[in-house]
Amino acid sequence: ALSSISNGFVFPQTATARSKLPLSNGLEQASGNDQESETINIAIFPKNDDDAFQIALINVLRDHPFCKMTGASLSIEWIPTTTDETSWTKSELEIVTRADIACFSTVSSVKSYLSKLDNHLNVDPKLPQEERRKLPNKPDMIADIMGGKGSAEVMAACPLSETARECLNSGRWTAHNIYYPKDGQS
């Protein structure tokens, strides 16, 4: 079966993957078998309307052997980086909460993400940076409901070392949970 996404790219999918996690504006790519597979949820925070970034990512994932080798499926959602909004929409919050990996295209997308996260967590704007560094890097809906601190974490994937450095300097991610290309790699 084939599944198309809104920007015109078409990817093969199994019936299992399609029925397990239907996406209206995302991409899901699964292995060719019908066995139950793990879904890796990826939230991408590109520059506003960065079609080139989306096309490049889709081209890389389209032929990548990861899904076939592991049996995992990828669920990808784009959340545009906006500096004028102080919080996520309900659907964006659901995507961020489910995410296993957050891909940040720029330093400003990391800053926008953390600003929206702090707003969601009702962080005092006057909280010292040292205390802010101890906060989670992802909303945790269970902890939100229970009124406790969350333990949910999201890994960061960054195309540039400057973006990765912003994640690290925030204190919300440890070095082993930030992925970026080494010098000369892309």
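Me: Before we start on this predicted model, what makes a residue buried?
Reply: Buried means a relative accessible area under 20%. Phe45 and Phe104 both fall in that class.

Me: Nice. Why is the pair of Phe45 and Phe104 called stacked?
Reply: Ring centres must lie within 6.5 Å to pair, and planes under 30 degrees apart count as stacked. Here the centres are 5.3 Å apart and the planes at 20°, so the pair is stacked. Phe45 sits in strand 4 and Phe104 in strand 6, 59 residues apart, so this pair links distant parts of the chain.

Me: And what makes the pair of Tyr113 and Trp173 tilted?
Reply: Their centres are 6.2 Å apart, with 40° between the planes. Tyr113 belongs to helix 5, while Trp173 is in the loop between helix 8 and strand 8, so the pair ties together parts 60 residues apart in sequence.

Me: How do you know that Tyr113 and Trp173 are buried?
Reply: The cut-off is under 20%; Tyr113 has 2% relative accessibility and Trp173 has 3%, so both count as buried. Both residues also belong to a cluster linked by ring pairs, with Phe45, Trp88 and Phe104.

Me: Finally, why is Asn122 called exposed?
Reply: Exposed means over 50%, and Asn122 has 68% relative accessibility, so that residue qualifies.

Notes: Residues are numbered from 1 along each chain as its sequence is written. This is a predicted model: local features need pLDDT of at least 70, side-chain atom pairs count only at pLDDT 80 or more; totals for chains, interfaces and linings use all residues. Side-chain values use heavy atoms; hydrogens and water are left out. Buried means under 20% relative accessible area, exposed over 50%, partly exposed in between (1.4 Å probe, protein chains only). Rings of Phe, Tyr and Trp (its six-membered ring) pair if their centres lie within 6.5 Å; planes under 30 degrees apart count as stacked, over 60 as edge-to-face and the rest as tilted. Helices (H or I, at least four residues) and strands (E, at least two) are DSSP runs, numbered from the N terminus.
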